[in-house]
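Open the structure in your viewer and keep the selection tool to hand. Each stop below names what to pick and what is there.

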Amino acid sequence: MLDLLKECRGAGRIGISGHTRPDGDCVGATLGLWMYLKKCLPEASVEVYLEKPAEIFQKIKGYDEIISDFPVREPFDVFFALDTDAERMGDAGKYFRSAKKTINIDHHLRQSGSGDVNHLDPSSGSTCELIYDLMDEDKMDRDIALALYTGIIHDTGVFQYSCTTPATMQKGAKLIGFGIDFPELIQETFYQKTYVQAQILGRALMESIRFLDGRCIVSSVDRKTLDFYNASFKDLEGIVNQLRNIKGVECAVFMYQTGVLEYKISLRSSEKVNVAEVASFFGGGGHARAAGCTMTGTFHDCVNNLSARIEAQLNDYESAGVI
Ligand code: 5GP
Ligand code: MN
């Protein structure tokens, strides 16, 4: 088992980062580890580098100290990549590449680690769970608990998705024991939407199209629409889950335009499709039930290409069932 404090022994400057467009697990893991290392290694300087996370996460301690302009820095003694591989770190990748020691902690489905030291476990529902297991429980506190709980609820859909295990629940129980206001946290970071977010969600549902005999559904938001609502990609969180909730849907696809002929794709599946495989085929990744990638082409190009991969999996699954 990776020993966090041993790996950081003697390090004067420690950096922590995650993936681009950080989600709850990424923010919770980076800030949770940041608090823990600052507490256990008071002599070291510890910094978090991330694209600015959504404001819903501002109650997590350290949110205001996240560095999002990625200035030039001397090589770090230790640099952590959490909830990601080296390719998906955006501007923080330069710190990772030049660091004297790199540590990669992740729960995404991958072939190999990106660090000198790697702790990868795709069976874990969240990176926050992995970080929890690497911490000494005696050194945890309420602020660290809030950060880790945030990551766990976001990546398990508040303990609903199949990646939730008895161990996840046990960690959840321990974490709420620190006295965090978990009903407020779940409401404000997971369920609550701004009026604009609700309007875009409504539009995305209304304009969705079913295909493959209703087993799949797709919806897309283009640049013009985002500009009209003065919204950003952070306002689109959760739409794909709503699409997947529709009865009969095995696989939901949500796309938003990131360039003239470029879309960020989010995939969710109920049971029959391994969307990590679909996303990996197009250069992305993720988990069996939730994955993503970036694709180039028109809306129809993307849907046609995705549809072929999804259909092949549905057919395989269904023919296996017949035999
Ligand atoms: P989301 O659809 O919420 O953006 O992402 C779902 C899951 O897939 C998350 O675990 C996320 O980290 C992963 N994911 C999303 N987009 C990409 C991508 O472009 N590359 C990789 N490797 N993983 C992604
Ligand atoms: Mn995660």
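Domain bounds here come from an automatic or database domain assignment. This is a predicted model: local features need pLDDT of at least 70, side-chain atom pairs count only at pLDDT 80 or more, and totals for chains, interfaces and linings use all residues. Residues are numbered from 1 along each chain as its sequence is written, chains are lettered from A and ligands numbered from 1 in the order in which they are written, and side-chain values use heavy atoms, with hydrogens and water left out.

**Stop 1: the two domains**

Select residues 4-191 and colour them as domain 1; then select 195-319 as domain 2. Their C-alpha centres lie 27 Å apart. Domain 1 puts 10 residues into the contact, and domain 2 puts in 11. Contact means heavy atoms within 4.5 Å.

How much area do domain 1 and domain 2 bury between them? About 850 Å², with 50% of it on carbon and sulfur atoms. Buried area is the accessible area (1.4 Å probe) that two parts lose on being put together, summed over both.

Now look at the residues on the domain 1 side that touch domain 2. They divide into 4 nonpolar, 4 polar and 2 charged. Nonpolar covers Ala, Val, Leu, Ile, Met, Phe, Trp, Tyr, Cys and Pro; charged covers Asp, Glu, Lys and Arg; the others, Gly among them, count as polar.

Across the interface, 4 residue pairs are in polar contact, both residues at pLDDT 80 or more. A polar contact is a pair of N or O atoms within 3.5 Å; within protein, one must be able to donate a hydrogen and the other to accept it, and residues adjacent in sequence count only if both atoms are side-chain atoms. Salt bridges between domain 1 and domain 2 number 0. A salt bridge is a side-chain nitrogen of Lys or Arg within 4 Å of a carboxyl oxygen of Asp or Glu.

**Stop 2: Thr189**

Select Thr189 in helix H7 (residues 182-191). Helices (H or I, at least four residues) and strands (E, at least two) are DSSP runs, numbered from the N terminus. Is Thr189 buried or exposed? Thr189 counts as buried, at 7% relative accessibility. Buried means under 20% relative accessible area, exposed over 50%, and partly exposed in between (1.4 Å probe, protein chains only).

Show the side chain of Thr189. It reaches the backbone oxygen of Leu185 at 2.9 Å. Beyond four places in sequence, Thr189 touches Ile56, Phe57, Ile153 and His154.

**Stop 3: Glu65**

Go to the loop between strand E2 (45-49) and strand E3 (78-82), where Glu65 sits. Glu65 is exposed, with a relative accessible area of 53%. Setting aside residues up to four places away in sequence, Glu65 touches Trp34 and Val48. Draw a C-alpha to C-alpha distance to Tyr49: 9.1 Å, for residues 16 apart in sequence.

**Stop 4: salt bridges**

Side chains of opposite charge can pair when their charged atoms come close. The count here comes to 16 salt bridges.

Begin with Lys100 and Asp77, whose closest N and O atoms are 3.1 Å apart. Lys100 lies in the loop between helix H3 (93-98) and strand E4 (101-106), and Asp77 in the loop between E2 and E3, so the pair ties together parts 23 residues apart in sequence. Lys100 is exposed at 60%; Asp77 is partly exposed at 21%.

Next, select Lys171 and Asp133, a salt bridge at 3.0 Å between the closest N and O atoms. Lys171 is in helix H6 (residues 166-176) and Asp133 in helix H4 (residues 127-134), 38 residues apart. Lys171 is buried at 8%, whereas Asp133 is partly exposed at 38%.

Then pick Lys272 and Glu318, which meet at 3.5 Å, N to O. Lys272 is in the loop between strand E9 (262-269) and helix H11 (275-281), and Glu318 is in helix H12, 46 residues away.

**Stop 5: Leu306**

Stay in helix H12 (residues 299-322) and select Leu306. Leu306 is buried, with a relative accessible area of 1%. Which residues is Leu306 in contact with, leaving aside neighbours within four places in sequence? Show Val253, Ile265, Leu267, Val278, Phe282 and Met295.
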